[in-house]
Amino acid sequence: MANFLDRIFRGFVGCNKGLEADATINQGCLLMEFELLSRMGEIRKHLGRVLDELGLQARLEPVDPIHTDDTCNRPVIISFQNSDRTAFSPVELALGSLSAKRTLSWEESAMVVTHWAKHELGSNGWVFFECLPLGQTEALKGSQQEIFDAMEVMIRDADVVLRGDVLDRRTEDKAFARAYEHLESVLREKGPTITCERNEGIESYNFELDGGVPWRVAFEPSEAVLYVNGDRVGSCSPQRPDKVADLVWNRIEDERLAALFGW
C-alpha cells in the first residue's frame, strides 16, 4: 500500500513546482496514505457485508502517471472487484482530487455507474454482459450513514458483471449472443432444448430435432455454419442474427417438404 501511495503522490506532485523536494513528497505521501486508509477503512466497515455477499473487494485504481497540469485535480477511483478480477461491480467511487492541501471527503465524492444488460443464453447457464451506452454520476449527499446506505443499495442493485475467457459459461461474442433470441423464435414451435458450447474456441448453439438428430450452429471465425447430423449444410454472416435464424428455418422447411413429398 505504501509503495502504491508513493507512486500516486509522485504522480500528482510532478505538476506542482513547489513540491519537488523528497522531504515534501514523503510528508505528502503520509498525508495521502492516512486519508486513503481512512476512506478504505470506512468502506470496509459500512460496505463489508454487501461486498462479501457479492464476492468483491474494494480496490484503489492506479492513477495515470503522466505529468500534466490537471494531474493533481484527478479523482482517486475505488473499484469493487473479486480477487482475480473476473468479476466487478458497475459502481465505482470517485473520491476528491489528489491534493495534499485538503482531505478526501465523502462530500466531494461521487458514485460513477455504468449500466450493463445481462442476457441469458440457452438452457445451460450461459450469459452475455452488454455494456450499454448509458451512465450516471451521483454526488454523495447527506450524513455519512445516509451516504453509505445509498452506496449499499446501488452496489446491490447493480449486481456483478463477469469478464474473462476463463469463465466457461460466458461469451464475449456479441454476434453470438444476438443470434440466440432469433434462433429461439424460429425453434419455439418445435420446442427443442438449446444449449451453448465452446469447443477449441468455437462457440455454438446445439439442439436436437426429428427424433434426436443433432443440429449445431457454430460461430466460426468468419461465418456462422449450420451442421445437421455432423454434416455442414449451410453458412451465413455471423453479424446478421436474422440470417442465422433464417439459415436454420430454411433447412427445417427443406426437410419438412422433402419428407412430405418424398424427395
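Okay, so what are we looking at? The chain has 5 helices and 12 strands. Keep in mind that this is a predicted model. There are 263 residues in the chain, and 41% of them count as buried. If you take the contacts between residues at least 6 apart in sequence, 50% of those join residues at least 24 apart. And the accessible surface comes to about 14400 Å², with 48% of that belonging to carbon and sulfur atoms.

Let's start with helix 4, residues 174–187. How far apart should the ends of its 14 residues be? At 1.5 Å a residue, you'd expect a span of 20 Å, and the end C-alpha atoms sit 21 Å apart, so the two agree. Helix 4 does have a bend, though, of about 25° at Y180. At its start, a side-chain oxygen of D173 comes to within 3.0 Å of the backbone nitrogen of A175.

Which residues of helix 4 are buried? That would be A175, F176, A177, A179, Y180, L183 and L187.

Now, salt bridges. General idea first: side chains of opposite charge can pair when their charged atoms come close. The structure holds 11 of these bridges, and I'll walk you through a few.

One is R39 with E42, at 3.1 Å from N to O. Both are in helix 2, residues 22–54, and because they are 3 residues apart, about one helical turn separates them. Remember that an α-helix has 3.6 residues a turn, so residues three or four places apart point the same way. R39 is buried, at 11% relative accessible area, and E42 is buried as well, at 18%.

Next, R49 and E152, whose closest N and O atoms are 3.1 Å apart. R49 is in helix 2 and E152 is in helix 3, so this pair ties together parts that are 103 residues apart in sequence. Buried or exposed, which is R49? R49 is exposed, with a relative accessible area of 57%, whereas E152 is buried, at 14%. These two also belong to a network of salt bridges linking R49, E53, E152 and R156.

Last one: R240 and D242, meeting at 2.8 Å, N to O. R240 is partly exposed at 39% relative accessible area, and D242 is also partly exposed, at 28%.

That's it from me!

Terms used. Residues are numbered from 1 along each chain as its sequence is written. This is a predicted model: local features need pLDDT of at least 70, side-chain atom pairs count only at pLDDT 80 or more; totals for chains, interfaces and linings use all residues. Side-chain values use heavy atoms; hydrogens and water are left out. Helices (H or I, at least four residues) and strands (E, at least two) are DSSP runs, numbered from the N terminus. Buried means under 20% relative accessible area, exposed over 50%, partly exposed in between (1.4 Å probe, protein chains only). Contact means heavy atoms within 4.5 Å. Accessible areas come from the Shrake-Rupley method with a 1.4 Å probe; for residues, only the protein chains shown count as cover. The expected span of a helix is 1.5 Å times one less than its number of residues. The bend at a residue is the angle between axes fitted to the seven residues ending there and the seven starting there. A polar contact is a pair of N or O atoms within 3.5 Å; within protein, one must be able to donate a hydrogen and the other to accept it, and residues adjacent in sequence count only if both atoms are side-chain atoms. A salt bridge is a side-chain nitrogen of Lys or Arg within 4 Å of a carboxyl oxygen of Asp or Glu.
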